[in-house]
Amino acid sequence: MSEEQSGGAQNIPEYCHYFKTLLVEELVLESDYRKLHYGQCSVIGRLRVAEHFRLENVCVRSLPQDCCLPEGALSLLLLGLTYDKATKQRVSNGCYCILRGEVVLCNVLRPKSPTLTARGIHEQLASLGQDSLAQQKLLSDLKLTHKPAIAVWFAQKIDATDELLSHRLEIRSLVHER
Amino acid sequence: MDPNISFFDVEDRVDNFIIRKKQHDIQTTDSAKSGPKIHEDIPLTIAHILRATQDPETPDVFITYNANTNSDPIHFRTCIVYAFVSGYGTHNTAFNKYHIDDSTGFLEASISKGQAKKQIVACLHAEATSLASSERYKPIAQSLIRLLGAATEYIDPGAITRGHSLFLRGRPTLFRGKMGLDAYSFLIDSGSSRKQEIAFADHLLSWHHDYKSTTQVATNK
């Protein structure tokens, strides 16, 4: 365990300078915040406007059925989107859209406090030194207070959601295949 | 061309002429030398361009790979990308610079302001306006004005703003250690329809799939 963590401290994630195609599921279901995507991303989903702006997952029909969650099963918190901006970018409740922005960890108990990133967690862990108990505690505390969110920079309404998402995923696998 | 068709028909069919326009001086170089096939105008992602290297023997040829493993090199001179405009670079007197991103990578593309072409369009526009005052030439002059307006959309990159998506045709360029793209031509794709993006992705995926199968056949022999 201690070996893994000291390794983790050195493996500080590198900032992703491009809007990598990610799924809502990949961000919401990431249980280890150290492995959360660090940097920019683009996600496709369905916008939900209630108390907060959220993005619901969409179903990808090209994926095998057992890898697929029903549409709207998960949702991701969106930061930086206001009614004003949403109207300006012509996105509204229930419309399918592509969002581009940055992945952050938002303190849902104290929304005004500064947001965290995967890199920030690595640095906080490193500052604790070799104390693996304290590291474990920090991680479990963060799990209780922080949730992944997207600081939205661009929002764009789209048609043909399913087809677009599967094509973008295919391109992602073409580029990152080994 | 049929001499009987009117100028209005030409205006309606202008797309046909653009598509049919022959790009000469390109095909000739491919077969002249033996060696790897050098592709023109192939669909690439920005990740491909970022990992491209210059061919040491022919500097205008770039080599890129599909995956990180250095197999199946693709030799190419020009390429086509489809990307999102995420920001502006520093425009200079001759080129506009845009930060483009296709979700696989990020780079700066420079697009010529097309000043020479713009000047020709402006001259023709002035000519046409003066002709339009005479009753005899009015229809043709107005037709020309409309065509010039349509042509400007493809010449002037000033209309490109953040949040647009673009098709770009061009070639990679290495400047101060950074890979960029010199775009020869562009096409703006805005609006909520993602048909063009999907069509491009289709083309890109099938091109690379076909390319991989041809190279595999060649190495298996």
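1. The interface between the chains. In this predicted model, the contact between the two chains involves 22 residues of chain A and 23 residues of chain B. On the chain A side, at least two residues each come from strand 1 (16-22), strand 6 (146-157) and helix 6 (161-176). Of the elements of chain A, helix 6 gives the most to this side, with eight residues. Sorted by class, the side of chain A that touches chain B consists of nine nonpolar, five polar and eight charged residues.

2. Fold of chain A. Six helices and six strands make up the secondary structure of chain A. Their order along the sequence of chain A is α-β-α-β-β-β-α-β-α-α-β-α. Along the principal axes, the C-alpha atoms of chain A occupy a box of roughly 50 × 40 × 30 Å.

3. Burial and contact range in chain A. Of the 178 residues in chain A, 32% are buried. Among contacts in chain A with a separation of 6 or more, 69% link residues 24 or more positions apart.

4. Helix 4 of chain A. This helix spans residues 118-127, and A:Ala118, A:Ile121 and A:Leu125 are buried in it. Why do these residues belong to the same side of helix 4 of chain A? They cover an arc of only 55° around the axis, and therefore they are placed on the same side of the helix. After helix 4 of chain A comes A:Gly129, which has a positive phi, near 70°.

5. A:Leu139 is situated in helix 5 of chain A, which comprises residues 132-145. Is A:Leu139 buried, partly exposed or exposed? There are 16 other C-beta atoms within 10 Å of A:Leu139. A residue counts as buried at 20 or more such atoms and as exposed at 12 or fewer, so A:Leu139 is partly exposed. In sequence, A:Leu139 is 18 residues from A:Ile121, and their C-alpha atoms are 8.3 Å apart in space. A:Ile121 is one of the buried residues of helix 4 of chain A.

6. Domains of chain B. The domain assignment for chain B gives domain 1 (35-112 + 156-197) and domain 2 (114-155). Between the C-alpha centres of domain 1 of chain B and domain 2 of chain B there is a distance of 32 Å. The contact between these domains involves four residues of domain 1 of chain B and six residues of domain 2 of chain B. The side of domain 1 of chain B that touches domain 2 of chain B has two nonpolar residues, one polar residue and one charged residue.

7. The sheet of chain B. Four strands of chain B form an open sheet in the order 1-5-4-3, and their pairing is mixed. Which strands lie at the edge of this sheet? Strand 1 (38-39) and strand 3 (53-54) of chain B are the edge strands, each pairing on one side only. Strand 4 (residues 62-64) of chain B runs antiparallel to strand 5 (residues 74-76) of chain B, and three bridges join them. Opposite B:His75 in strand 5 of chain B stands B:Ile63.

Note on methods
Residues are numbered from 1 along each chain as its sequence is written. Chains are lettered from A and ligands numbered from 1 in the order in which they are written. This is a predicted model: local features need pLDDT of at least 70, side-chain atom pairs count only at pLDDT 80 or more; totals for chains, interfaces and linings use all residues. Two residues are in contact if their C-beta atoms, placed from the backbone, lie within 7 Å. Ala, Val, Leu, Ile, Met, Phe, Trp, Tyr, Cys and Pro count as nonpolar, Asp, Glu, Lys and Arg as charged, and the others, Gly among them, as polar. The arc is that of the directions from the helix axis to the C-beta atoms. Domain bounds come from an automatic or database domain assignment. Two strands pair if DSSP finds at least two bridges between them.
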